[in-house]
Amino acid sequence: MRESAIAATLRQASLAAVLGGVLSGAGGSAAAQETVTGESLVVVSWGGIYARSQQEAFLEPFTKMSGLEVISEDYRGGLREIRAQVQGGDVYWDVVDITPGDAEAACEEGLLERLPLLLPPAPDGTSAVEDFLPGTLQACAVGSTVWSTVLAVDSDRAGENQPDKLADLFNLADFPGRRGLRKTPKVNLEWALIADGVPADEVYEVLASNAGVARAFAKLDTIKDQIVWWESGDEPGKLLDREAVIMTSTYSSRIFNDVAVEKKPYSLIWDHQVWDVDLWAVPKGAQNKEQAIEFVRFATGTVPLASFTKAMPYGPARRSANALAGPYALAEDVEMGPLLPTSEENFAVSLRSSAAFWSQNGEELVEKFNLWVTR
């Protein structure tokens, strides 16, 4: 989900020149600026275009500001490697890009440092606590980038009657045609309940009951024979391209290139997008703990987060960064703001995916979903 369809283009182009000017005045805390030159910091992320864009937006500017060499390493997520380092007393990772569920579990297990939330305010003076999106500040982790699942519609095939809200996914009478959905209970069950009238802020409470689960599957039953299942993030675009579906769920970042750069006739429905966030965390016992915390402070500042959006269509975890989102680094005619999940308009009606709910109920719901699919 983290490497968008623009991968082939980005592999051939450096964003340094584009982002360098934006970041030259990014600044950071005084403590970071006073860090001793010659030391190094190991920052671990997901690899691919995502990590390379972080290198341009966060790592290189932090090195320039602080004098610290920052080494980028990749991992596949999960807690196995963090746990092994902490329990073995040999922690050589300093900062890790981590999911909310893993961050919460690792914090409870004592695998992460508790972070003092002495984060820089927004440029207008708004405190960090007010500036960060709800739930993106945890005891052991600080939110960085937001990604989401939305609906993409083949506007040409839809014609004059254009779907424009989540409920239209389930309206076969007015919007006939096949629907693409990811083969997982996540998002599908939430959307089914919302389309059936459950308020977004009550979805997980309802879905925690057997009656709520049954209600969600009953709603999905109404379109089941029109569903085309997808599993890989690049499939929704392909389904639309070959006219296999009239609309499909998709990661907003993965359909970005089709919509914004290639100008394909697809429209996005942001209504009740389901969003999630990646966070920065510091493993317990990190050798460079103080420098690692300074990196987190810097990388979650308004300007660095805004700079990242110029390279990748992920939303910043801070509201103030949305206002600074400018043109796409590789296509200046494309304004990133309207295509970010966190823009004010797109974010107005949205649902935060509950890591706690899926951690507790995911295994059971996956079994029920798989049985439902085969019926």
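The legends below accompany several close-up views of a predicted model.

View 1. Of its 375 residues, 55% are buried. When contacts between residues at least 6 apart in sequence are considered, 76% of them join residues that are at least 24 apart.

**View 2. The largest nonpolar core.** In soluble globular proteins, nonpolar side chains tend to be buried together. In this model the largest nonpolar core has 76 residues, and the members that touch the most others are Phe 58, Phe 62, Ile 82, Ile 98, Trp 280, Phe 295 and Val 334. Helix α4, which covers residues 48-66, gives the most to this core, with 7 residues. A second, separate core has 36 residues, among them Leu 169, Leu 181, Val 198 and Val 213.

**View 3. The surroundings of Phe 295.** If the neighbours within four places in sequence are left aside, the residues in contact with Phe 295 are Leu 41, Val 43, Phe 58, Leu 59, Phe 62, Val 95 and Trp 280. Phe 295 counts as buried because its relative accessibility is 0%, and the cut-off for buried is under 20%.

View 4. The whole structure holds 21 aromatic pairs, and one of them is formed by Phe 62 and Phe 295, whose rings lie 5.3 Å apart from centre to centre, with 90 degrees between their planes. This pair is edge-to-face, because planes over 60 degrees apart are counted in that way.

**View 5. An aromatic pair within helix α18.** Here the partners are Phe 369 and Trp 372, which form a tilted pair with 5.9 Å from centre to centre and 35 degrees between the planes. The two residues are separated by about one helical turn, because they are 3 residues apart in helix α18. Phe 369 and Trp 372 are both buried.

**View 6. The largest pocket and its lining.** The largest pocket contains about 610 Å³ of space. It is lined by 28 residues, of which Trp 147, Arg 182, Lys 186, Asp 276 and Ser 353 are the closest to its centre. Two or more lining residues come from each of α6 (100-109), β4 (141-154), α9 (188-195), β7 (247-251), β8 (266-281) and α18 (355-374), and the largest share, 5 residues, comes from β8. Sorted by class, the lining has 11 nonpolar, 10 polar and 7 charged residues.

**View 7. Two loop residues with positive phi.** Val 187, in the loop between β5 (179-182) and α9, has a phi near 75 degrees, which is a positive value in a residue other than glycine. With a relative accessible area of 13%, Val 187 is buried, because this value is under 20%. Lys 263, in the loop between α13 (252-261) and β8, also has a positive phi, near 55 degrees, and it too is a residue other than glycine.

**View 8. Asp 258 in helix α13.** Asp 258 lies in helix α13 and counts as buried, with a relative accessibility of 10%. Not counting residues up to four places away in sequence, Asp 258 touches Gly 237, Lys 263, Lys 264 and Tyr 266. Asp 258 and Asp 241 are 17 residues apart in sequence, and their C-alpha atoms are 9.4 Å apart in space.

**View 9. Arg 83 in helix α5.** Arg 83 is found in helix α5, which covers residues 80-88, and is partly exposed, with a relative accessible area of 27%. Apart from its neighbours within four places in sequence, Arg 83 is in contact with Gly 88, Glu 109 and Leu 111. Although Arg 83 and Lys 284 are 201 residues apart in sequence, the distance between them in space is 9.4 Å, C-alpha to C-alpha.

Technical notes:
Residues numbered from 1 in each chain as written. Predicted model: local features only at pLDDT ≥ 70, side-chain atom pairs only at ≥ 80, totals over all residues. Heavy atoms only, no water. Core = buried A, V, L, I, M, F, W, Y, C linked by side-chain atoms within 4.5 Å. Buried < 20%, exposed > 50% of the residue type's maximum accessible area, 1.4 Å probe, protein only. Helix = DSSP H or I, 4+ residues; strand = E, 2+ residues; numbered from the N terminus. Contact = heavy atoms within 4.5 Å. 1 Å grid on protein atoms, 1.4 Å probe; cavity = no way out; pocket = protein on both sides within 12 Å on 5 of 7 lines; lining within 4 Å. Points joined across faces, edges and corners; volume = space filled by probe spheres on them. Nonpolar A, V, L, I, M, F, W, Y, C, P; charged D, E, K, R; others polar. Phe/Tyr/Trp six-rings, centres within 6.5 Å; stacked < 30°, edge-to-face > 60°.
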